[in-house]
2 protein chains.
Amino acid sequence: MSSKPVILTGDRTTGPLHLGHYAGSLRNRVALQHDHRQYLLLADAQALTDNAHDPARIARNVIEVATDYLAVGIDQAVTTLCVQSALPALAELTLLYLNFVTVARLERNPTIKDEIQARGFGRDIPAGFLCYPAAQAADITAFRATLVPVGADQAPLIEQANEIVRRINRQAGRDLLPEATALIPPVGRLPGVDGRAKMSKSGGNALPLSACDAEIAAAVQRMYTDPDHPRASDPGRVEGNVVFTYLDAFDPDPDEVGALKERYRRGGLGDAALKQRLAGILRDLLGPIRERRAAIARDPDRVRDVLRTGTAQARRLTEETRDAVQDALGLFRL
Amino acid sequence: MSSKPVILTGDRTTGPLHLGHYAGSLRNRVALQHDHRQYLLLADAQALTDNAHDPARIARNVIEVATDYLAVGIDQAVTTLCVQSALPALAELTLLYLNFVTVARLERNPTIKDEIQARGFGRDIPAGFLCYPAAQAADITAFRATLVPVGADQAPLIEQANEIVRRINRQAGRDLLPEATALIPPVGRLPGVDGRAKMSKSGGNALPLSACDAEIAAAVQRMYTDPDHPRASDPGRVEGNVVFTYLDAFDPDPDEVGALKERYRRGGLGDAALKQRLAGILRDLLGPIRERRAAIARDPDRVRDVLRTGTAQARRLTEETRDAVQDALGLFRL
């Protein structure tokens, strides 16, 4: 047993990952993987909770997302990559935990409320969607994770998982399962290239990790800057200027970004020069990722092998936890 | 593959079975087991949906209920006895099906509405309880059952399961899963010995299958008859008279019961004679069951072996169905 803190993280496999994922989570995972015991869950079962009409897309993107992980530098020797739907113990724990949470409590979860509204479900919420916080509690506890990287808007899910943990522990009469801490990234969500708050493939404002130089140039070209700054000599606004937001996120020289902001505010720095700088930085960032991605994608069997190995390991761990929970609650064991 | 119609049935393992179970389901199962492919599910996972506070009781009663099954004449050579919580594919299918049913639809289910009221859950319904119709759909379809014996009050659950089947089949683009038919027994529910509609251990008006002759005599003695019939010579009421209800259910000579009803209505037949007849019939019925039960209970390892064998068989079948559903929907397979 490793004594490193255990991280559980992952993505719904709804599509290939993009620069927003890189900024918000992927590069953190690469940085954290050596000092932590990291499990990376390809959450295809969770993705189905609001995509039951298109299961093939969810399936197809398991390999895509795994390829993204390896391309950005996730090292399968230290990070375990595993497929949620291939871990039956997660489903067993989910069903068990659903008995320890009320419908009213699930409906009160702020994240679920927001997401129900964002998806326009109204009264027709798939039951699986309402229940997914219990599934997430199963994921977190099955891996005995104590650190779960999430966006600030997802923190209520960790609180809900911890409530379930406390109810299970009370029923078991001991501290069987650990509570988890939300690891909220210091920088906020990267906006889309059009300036909208959320970068997403379906929103058409995302830069995929596989973007070529021409796509990068085109995306940077259409980036929202300051509409009241048509000439380089005019003073410009830095706040809400997507190019600066991206420079803050990716420029390796923050001092220089500070100086550029100063000049932009004062007047005398045009969007063209700024965008050229950003395009260069993104080319340097995404170029090697794109090349590694292409090389990995030429051998999908290797990706599948990585998932098989990781999932087999995750299977042993999650079944151990399931057994421990069943025994601690005094459930029947054949 | 057998071409016999497939029956799935079973019981929540909340306590040992009683005479009400015998009249309503057990004797039918014994009669049906040779002409049907019968699976008998010890529904410990479902029992937890409203007993999460007392999992040990649910666990303890798995062996009790299995012992009851064998004692009444369930033959493990033709009926497969299996434990729900030891079949992970049922949990996997349940979570999948929850994506194909809305919360609103589950809340509208008349059986669930009645049961929520009966249990006094109010707004604090355990999520697992609201979701159990999807779990039942998983049970039914995993065994590819087409006949499901249920009380009339449970028929909406079969309709709900069939709705899920139709949604899955539509998504799969073919008739992957069969719809099921509710097999509603011709005779209604056996009332408690006190005349209340439902016999239950917790209601204190049940006769357990293990009842000894003295318990049988005492139960029959306190049976509700006709309070306006204090003397044998008075005319008496047959309707609502629990002794006659039980004679209808268990007397091997229905013609004689008809003649007794005639005499009782006319006047000239006392409760004492009637109760004596019923006590004799119940002694003849329960005596051999009690003896077989005692013999079986002396060897719990044998019961456990029966469950192990049946569950292993059920595991293969339910995992085959899970694989078939996952493949037909195009889900990811490692």
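A:Glu92, A:Arg322, A:Asp323, A:Asp327 and A:Arg333 join up in a network of salt bridges, a salt bridge being a side-chain nitrogen of Lys or Arg within 4 Å of a carboxyl oxygen of Asp or Glu. This is a predicted model, in which local features need pLDDT of at least 70 and side-chain atom pairs pLDDT 80 or more, while totals for chains, interfaces and linings use all residues. Residues are numbered from 1 along each chain as written, chains are lettered from A, and side-chain values use heavy atoms, without hydrogens or water.

Over all chains, the structure holds 46 salt bridges. Here are some of the pairs:

| Pair | N to O distance |
|---|---|
| A:Glu115 and A:Arg119 | 3.9 Å |
| B:Asp50 and B:Arg119 | 2.4 Å |
| B:Arg166 and B:Glu179 | 2.8 Å |

B:Asp50 sits in the loop between helices H2 and H3 of chain B, and B:Arg119 in the loop between H6 and H7, so this pair ties together parts 69 residues apart in sequence; helices are DSSP runs (H or I, at least four residues), numbered from the N terminus. B:Asp50 is buried at 16% relative accessible area, whereas B:Arg119 is partly exposed at 33%. Buried means under 20%, exposed over 50% and partly exposed in between (1.4 Å probe, protein chains only).

Now to the nonpolar side. A nonpolar core is a set of buried Ala, Val, Leu, Ile, Met, Phe, Trp, Tyr and Cys residues joined through side-chain atoms within 4.5 Å. The largest has 106 residues, of which A:Tyr97, A:Phe143, B:Tyr97 and B:Phe143 touch the most other members. A second, separate core of 55 residues includes A:Leu40 and A:Leu81.

Conventions
Helices (H or I, at least four residues) and strands (E, at least two) are DSSP runs, numbered from the N terminus.
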